[in-house]
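Here is a short briefing on one protein chain. Keep the sequence and the 3D view open as you read.

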Amino acid sequence: MKKIVLIILAAATLSGCGFEVVDPGYRGIETRLGKVVGEPLPEGLHFYNPLTSDIKEFNVRQETWSHKTAIFTKDTQRVDVEFTVTYMPDPKFITQIYLEVGREEALAEKIIKPVTLGSIKDAIGQVIADELVSKREVVTKAALKEVQENLTEKHVLIADLQFTNLDFDDAYEQAVEQKVVATQNAQKAKNVTVQ
């Protein structure tokens, strides 16, 4: 008889208990009566009271965000820059990120986008158009460093930043082409004179 009572008591207790499995690559955020409580929950099984609490999952895996924007160089040449940034939220600060941006879908729009665009514009705005082409790797590293510094304050880790395409204004490209042709013609005339 005691066993039956214990089984009924255990079943009644468990029926009022909710559970959530936090998947690999995610952290759980527990809310109680609409307020975030405790530290981020690691992967695995977690129990909670479904009447007053809820557990939401937040992705902490690496993600990429790609974008194209127009930027002006130091000598006011317009360049359309396509880039990709690889990032992930710092798992230790998921609760703070959740409080600041809400759901994970808003992370790129509210934090990654404005900081990355500002940092890239700052880095490209420091060089003239000719240098942007010849020193692309240096400018990319400078932009990456600035993005990393600015997003670390927001608890977002940046793994990489790459410029996938630099497209200059057509008039500028024609001017560069004419300059190269003129330089080649001058060299050719010099060679003829020497002969």
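How are α2 and α3 oriented to each other: roughly parallel or roughly perpendicular? The axes of α2 and α3 cross at roughly 75°, so the two helices are roughly perpendicular to each other. Bear in mind that this is a predicted model. The points below start with the whole chain and then turn to its helices, loops and strands.

**The whole chain**

- The protein chain has six helices and eight strands.
- From the N terminus on, the order of elements is α-β-β-β-β-β-β-β-α-α-α-α-β-α.
- The chain has 195 residues, and buried residues make up 34% of them.
- Take the contacts in the chain with a separation of 6 or more: residues 24 or more positions apart account for 67% of these.

**Helix α2 and its buried face**

- Helix α2 covers residues 94-101.
- Its buried residues are Ile-94, Thr-95, Ile-97, Tyr-98 and Val-101.
- Seen down the axis of α2, these buried residues fall within an arc of 165°, so they line one face of the helix.
- What do the buried residues of α2 pack against? Their partners are the strands β2 (26-32), β3 (35-41), β5 (53-59) and β7 (78-89), together with helix α3.
- Gly-102 follows α2, and its phi is positive, near 85°.

**Where α2 meets α3**

- Two packed helices are described by the angle between their axes and the distance between the axes.
- For α2 and α3, the axes come within 10 Å.
- On the α2 side, the contact involves Ile-97, Glu-100 and Val-101.
- On the α3 side, the residues are Ala-106, Leu-107, Lys-110 and Ile-111.
- By class, the contact of α2 with α3 has five nonpolar, no polar and two charged residues.

**Where α3 meets α5**

- Helix α3 spans residues 105-124, and helix α5 spans residues 136-152.
- Their axes come within 9 Å and cross at roughly 140°. That angle makes α3 oblique to α5.
- The crossing of α3 past α5 is right-handed.
- From α3, the contact uses Ile-111, Ile-112, Val-115, Thr-116, Ser-119, Ile-120, Asp-122, Ala-123 and Ile-124.
- From α5, it uses Val-139, Ala-142, Ala-143, Glu-146, Val-147, Asn-150 and Leu-151.
- How many nonpolar, polar and charged residues does the contact of α3 with α5 have? There are eleven nonpolar, three polar and two charged residues.

**Positive phi in the loops**

- Leu-33 is not a glycine, yet its phi is positive, about 55°.
- Leu-33 sits in the loop between β2 and β3.
- Is Leu-33 buried or exposed? Leu-33 is exposed, with a relative accessible area of 72%.
- Thr-76 is another residue other than glycine with a positive phi, near 55°.
- Thr-76 lies in the loop between β6 (63-72) and β7.
- Thr-76 counts as exposed, at 60% relative accessibility.

**A buried loop residue**

- Thr-73 is found in the loop between β6 and β7.
- Thr-73 counts as buried, at 5% relative accessibility.
- Thr-73 and Ile-128 are 55 residues apart in sequence, but their C-alpha atoms are 5.4 Å apart in space.
- Leaving out residues up to four places away in sequence, Thr-73 touches Val-79, Ile-124, Gly-125, Val-127, Ile-128, Ala-129 and Leu-132.

- Gly-28 is in strand β2.
- Gly-28 is buried, with a relative accessible area of 0%.
- Gly-28 and Ile-55 are 27 residues apart in sequence and 6.0 Å apart in space, C-alpha to C-alpha.
- Beyond residues up to four places away in sequence, Thr-31 touches Val-36, Thr-52, Ser-53, Asp-54 and Lys-56.

Terms used:
Residues numbered from 1 in each chain as written. Predicted model: local features only at pLDDT ≥ 70, side-chain atom pairs only at ≥ 80, totals over all residues. Heavy atoms only, no water. Axes fitted to C-alpha atoms, helices over the stretch in contact; angles between N-to-C directions. Helix = DSSP H or I, 4+ residues; strand = E, 2+ residues; numbered from the N terminus. Parallel < 35°, antiparallel > 145°, perpendicular 65-115°, else oblique. Left-handed = near helix turned anticlockwise from the far one by under 90°. Contact = heavy atoms within 4.5 Å. Nonpolar A, V, L, I, M, F, W, Y, C, P; charged D, E, K, R; others polar. Buried < 20%, exposed > 50% of the residue type's maximum accessible area, 1.4 Å probe, protein only. Arc of directions from axis to C-beta.
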